[in-house]
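User: Hi! Could you walk me through this model before I set anything up?
Analyst: Happy to, here it comes.
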Amino acid sequence: MVNVITATLPIFLLILLGWLFKRSTLLQPQAWSSIERLTYFVLFPCLLATTLAQSPFGQMAIGHVAAALALAIGTVSIALLLLQRFLFADGPRFTSVYQGSVRMNTYIGLSIAAALYGKLGLSAAALAMAIIVPIVNITCVLVLAWYGSAARRSLMGILGAWLKNPLIIGSFVGIALNITGWGMPPIVGSMAEILGKAALPMGLLAVGAALNLQAVQAAQGLVLVTSMIKLIALPLITYGMLQVFDATGIEASIAVLFSALPTATSSYILASQYGGDAGLMASLISVQTLLSMLTLPAVIAYLM
């Protein structure tokens, strides 16, 4: 319980700090748009590339855990897409519901994994990130490209949006550097690591700056349903898939943990860039982060 609160509370406080900054005279209102773009196009891709490039893939069993995670995310994705026209008539709003149901804040996961299992936990968390990050980034970009207000509905338009997404590029660069054994180059790699360290605080501040408390009240039911899908349904489905594949050990436990994490802070940046409902996304991020302080201990106690 203490470890979970220690990992999640600073994130929520940073969101609150961004909300306070936006309402102060510290920065001009138009500055937040530049902060969002810098985070989306530079900082987050650097963080993804440097993290994945240094993950010890070869030391852990990937097959069954990867299959369980992919099938769990796929199951939730298919269910949401089937329900879209009945429950989410607004395309941009649906994109935020989708992101809020499948994306996860890997940095909370890294902190909890280290607290629970030490270095082995960090290795398992790196494995989970290598599996989850490419899958959810690809699916979220496709959903945003199709349903977002800036959607281009042709196949070539969707493919172009997928190929140009900085988060996808960062993920593929990191995986390629890892598989080839090249790793991050000495000087450029060090610079990218420094830039990557700024991604989380800058992204959280941008989320807080765009947070609309009235939007939380206006979409209470939708926020709650999406949060329950992400924080309860997805980890339960992942746990069931792991049982099917008879996957055990730290890797399986971390897979369940990552499925139970609140949605990623980068979801807001993605929603802003691709015509999603950024206000709803900001609400989902803050609400899920707060609710996860209650749901994560339960997941850790009963499913890991």
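Analyst: Below we go through confidence, packing and charged contacts.
Analyst: This is a predicted model, where local features need pLDDT of at least 70, side-chain atom pairs count only at pLDDT 80 or more, and totals for chains, interfaces and linings use all residues. Residues are numbered from 1 along each chain as its sequence is written, and side-chain values use heavy atoms, with hydrogens and water left out.
User: What's the mean pLDDT of the protein chain?
Analyst: The mean is 83, and 89% of the residues reach 70 or more; pLDDT is the predictor's confidence in each residue, from 0 to 100.
User: And where is confidence lowest?
Analyst: In helix H6 (residues 155-164), at a mean of 62, while helix H11 (residues 220-244) is highest at 93. Helices here are DSSP runs of H or I, at least four residues, numbered from the N terminus.
User: New topic: which side chains meet in a salt bridge?
Analyst: Asp 277 and Arg 93, at 3.6 Å, N to O. The cut-off is a side-chain nitrogen of Lys or Arg within 4 Å of a carboxyl oxygen of Asp or Glu.
User: Is Asp 277 buried or exposed?
Analyst: Asp 277 counts as buried because its relative accessibility is 18%. Arg 93, at 31%, counts as partly exposed.

Note on methods. Helix = DSSP H or I, 4+ residues; strand = E, 2+ residues; numbered from the N terminus. Buried < 20%, exposed > 50% of the residue type's maximum accessible area, 1.4 Å probe, protein only.
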